[in-house]
Amino acid sequence: MSKQNNELKLKHLFDGGEWNVYDPSVLNLGVGAPGTDLLEPCCDIFDQATAHCLKNEKVVNQSLIFQYGPTNGTHKIRNEIAKYLTEMYESPVHSEDLIVTTGASQGLHFLLSTMIDFNGYIFVDEYTYMIALDSMKHFSSLTIVPLKLNDDGVDLNDLEVKVRDRRFNSEKKEFWAIYYTIPTYHNPTGILFSPTVCRGIVELSRKYDFLVLCDDVYNILHYGNKPLHSRLLSYDSRTDADYVGNVISNGSFSKIIAPGVRLGWLEVPPRVQPQLLRSGIINSGGCFNNYTAGIVGSLFELNLAQPHIARLYAAYKDRMLAVNKVLESELPKTCKCLVPSGGYFIWIRMPDHLKASEFLEYCLKHEKITFIAGPRFAVEEGKGEQFFRLSIAFHKKEKLVDGIIRLCLALKSYMNIVKT
Ligand SMILES: Cc1ncc(COP(=O)(O)O)c(C=O)c1O
């Protein structure tokens, strides 16, 4: 074992090897993050927002932005987020329901560590956000249970059977189990959960009293007609006679402003808020990201965030529509893909005898193109080999379109080599 830690001097998360998204010799179609062209305006708008925020701190706020912040974040930032989301979701978001986080990844970790019995269960879709799975595995006493996914969302029968069989009364934590999902433009499948499935999930969560954590980082990125619902949480209506408060929405500015900013929010029911705000991790440090939240508050107040988000949205939409058009004509007919109406990802299913990990090697060798093979998103070992995920977020449209055409050609030639 080495006695020294490595110092790689990386500039970003995707640095190094075939994952270096900035390496011009390899086209990386796997990265779920906004590209350089989309982040470029950030220096200028954050410059203005920082000057505005710090001037206010100096002149009228006794520099309190540098103090430990209120546990849920200042009223100002929660109010700005609530105002913006209410407009985008076209359904009310209340500032008092929000808790500022450093992004959805931290939101998930925070909830797992505070709300779920350590001998309990995490229900997840059979294919899900791979790094969320990595986080869950740190909680090694929790059991991860995969659920069948249909084209309109999780299979409600499967959810009910698996939940019913495992339910127990937790004496130590508020919930015996959590269902983690991405109901709006799911990662990796691109699925938008239907109203029927959303309603069904809420009914089951009430019946068996488990927590539903919606990873809502792609919610406002819809490229077709607006969906009937903005988020699954809106089905857990407080006016229902049997309302208890079982759903949390876990949001983030990573995909719509910039991931390096590390700012997000949890939208939580009154039932869980006091427990979260009493936890040591938030009470010891105060608001998880007080300084940055202040700057982003000014970004909204100065109306700099809104057009920036609109720019990212327009670029993503343009990219997704262009890629879908290419796939419609170029993807081999024996492959299948659900045409996503929003978000970042396209999930392609190859004929069952093919393996995405082997096609990935072929693609890298012949076209210098990479993507993420299905097994990385699967809970169960050996599953997902016939799938792979593409992302539209990072590269400009022309580069993406050229890459997808080449990928489809490579797929055709690979399929000719690997016959049944
Ligand atoms: C479903 C999902 N959740 C969370 C994240 C990460 O969010 P954050 O940057 O807010 O931690 C990603 C990023 O790829 C994601 O796809």
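Arg271 sits in the loop between strand E10 (264-267) and helix H8 (273-278), where helices (H or I, at least four residues) and strands (E, at least two) are DSSP runs numbered from the N terminus. This is a predicted model, so local features need pLDDT of at least 70 and side-chain atom pairs count only at pLDDT 80 or more, while totals for chains, interfaces and linings use all residues. Residues are numbered from 1 along each chain as its sequence is written.

**Arg271 and its surroundings**

- With 14 C-beta neighbours inside 10 Å, Arg271 counts as partly exposed; the scale calls a residue buried at 20 or more other C-beta atoms within 10 Å of its own, exposed at 12 or fewer, and partly exposed in between, with C-beta atoms placed from the backbone.
- Leaving out residues up to four places away in sequence, Arg271 touches Val244 and Gly245, a contact being two C-beta atoms, placed from the backbone, within 7 Å.
- Arg164 is another story: 107 residues separate it from Arg271 in sequence, and the C-alpha to C-alpha distance is 23 Å.

**The chain as a whole**

- The protein chain has 13 helices and 15 strands.
- Its radius of gyration is 22 Å, close to the 22 Å from the globule rule for 420 residues, so the chain is as compact as a globular protein of that length. The radius is taken over C-alpha atoms, and the rule is 2.2 Å times the number of residues to the power 0.38.
- The C-alpha trace spans about 65 × 55 × 55 Å along its principal axes.
- Of the 420 residues, 44% are buried.
- Take the contacts between residues at least 6 apart in sequence: 73% of them join residues at least 24 apart.

**Helix H13**

- Leu400, Gly403, Ile404, Leu407 and Leu411 are the buried residues of H13.
- Those residues cover an arc of only 100° around the axis, which puts them on the same side of H13; the arc is that of the directions from the helix axis to the C-beta atoms.
- Packed against these buried residues are strand E1 (27-28), helix H11 (305-330), helix H12 (356-367) and strand E13 (369-370).
- Over on the other side of H13, Glu398, Ser413, Asn416 and Ile417 are exposed.

**Around the ligand**

- The ligand has 13 residues around it, and Gly103, Ala104, Ser105, Ser252 and Ser254 come nearest. Being near takes a C-beta atom, placed from the backbone, within 6 Å.
- By class, that shell holds 5 nonpolar, 7 polar and 1 charged residues. Ala, Val, Leu, Ile, Met, Phe, Trp, Tyr, Cys and Pro count as nonpolar, Asp, Glu, Lys and Arg as charged, and the others, Gly among them, as polar.

- The Asn187 to Pro188 peptide bond is cis, with omega near 15°, and Pro188 lies in the loop between strand E7 (175-181) and helix H7 (195-208).
- Tyr185, in the loop between E7 and H7, has a positive phi near 55° despite not being glycine. Tyr185 is buried, with 26 other C-beta atoms within 10 Å.
- Glu90 is not a glycine either, and has a positive phi of about 55°. Its place is the loop between helix H3 (75-89) and strand E2 (98-101), and Glu90 is exposed, with 11 other C-beta atoms within 10 Å.
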